[in-house]
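Work through the exercises below with the model open beside you. Try each task before you read its solution.

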Amino acid sequence: NRVHNNSKMSFEIAKQGIDMVINHSRDSEKLFFGFYGGEPLLEEELIKKCIQYLDEKIEGKTVQYNITTNGTLLTQNIIDIFVSHNVSLMISLDGPAEVHNKHRKLLWGNGDSHSIIMKKLKYLKETYPIYYKEHVSFSTVFDGESDFESIDNFFNNSLFEGKNISAVSIADNYSKKEVYVRNEKFIEDTKYALFLNMLAIVGRIEEEKTSRLFRLQKEQIRSLRKGKCFGDKKSLTYYGHRSGGCVPGLHKLFL
């Protein structure tokens, strides 16, 4: 009963938030809703209720959903809902099994979360190829101690062809333990991979010779070159506004 009551209370709170967004977005043609955690799929029923509630409430607007998940709790039911609503699905995947399972542990079984995710990814790609191509991306976290080459080679798998991969290093913001990368080879390999991306941006090498792990950063730099720094602009605009991803716990300088 306690679990049921907590779930019911959570949905009531979620409805208040949804109503607030709707009421303050009357002039917006598109609304964005995201599900994050911890692991948001621990609340699969709450997510389904929120999407159903939005289906009933929204008229004449486009709703864009996104969710970041470790992927182990993806079920047929929730996948069908994601596909029917074009939910942008970002899956946390750090590389091959020996790298991924080191930090992404399970509370049951043999702790091999990697094999669970890979099976679900293959199912997604084979069963919903268009959805997989257009709406599935990946988040990769470097611990600074693993072998970069093995991670890079893992993402050369055809399963990740054309996929956006957001690759970042572990941050120690608000952590009592300082994160310090002592693996010099890892540092050299990542910097070299970034350097190759810079060469590709200016047309000095072919795209195929660059790492998929930094494709997203490469496209962001291309966008900056084209739209903000170079292009046809002869001078900076008088007014500008910061933009970019909002990372929880990360401080940014607003200049």
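The exercises go from the sheet to a helix and then to the core.

This is a predicted model: local features need pLDDT of at least 70, side-chain atom pairs count only at pLDDT 80 or more, and totals for chains, interfaces and linings use all residues. Residues are numbered from 1 along each chain as its sequence is written, and side-chain values use heavy atoms, without hydrogens and water.

**Exercise 1. Find the order of the strands in the open sheet.**

Step 1. Strands are DSSP runs (E, at least two residues), numbered from the N terminus; helices are runs of H or I with at least four.
Step 2. Five strands line up as β1-β2-β3-β4-β5, with parallel pairing. Two strands pair if DSSP finds at least two bridges between them.
Step 3. β1 (30–35) and β5 (165–169) are the edges, and each pairs on one side only.
Step 4. On average, neighbouring strands are turned by 15° against each other, direction ignored. Their axes are lines fitted to C-alpha atoms, and angles run from 0 to 180 degrees between N-to-C directions.

**Exercise 2. Count the bridges between paired strands.**

Step 1. β1 and β2 (residues 62–69) share six bridges in the parallel sense. Here L31 stands opposite V63 in β2.
Step 2. β3 (residues 88–92) and β4 run parallel, joined by four bridges. M90 faces S137 in β4.
Step 3. Five bridges join β4 to β5, also in parallel. V141 stands opposite V168 in β5.

**Exercise 3. Explain why strand β4 is largely enclosed.**

Step 1. Buried means under 20% relative accessible area, exposed over 50%, and partly exposed in between (1.4 Å probe, protein chains only).
Step 2. In β4 (residues 136–142), six of the seven residues are buried, so the rest of the structure largely encloses this strand.

**Exercise 4. Describe helix α2.**

Step 1. The expected span is 1.5 Å times one less than the number of residues.
Step 2. Its buried residues include L46, I47, C50, I51 and L54.

**Exercise 5. Which residues have the most contacts inside the largest nonpolar core?**

Step 1. Such a core is a set of buried Ala, Val, Leu, Ile, Met, Phe, Trp, Tyr and Cys residues joined through side-chain atoms within 4.5 Å.
Step 2. The largest has 50 residues, with F82, L89, L93, L121, F138, F160 and L213 making the most contacts inside it.
Step 3. α2 gives the largest share, six residues.
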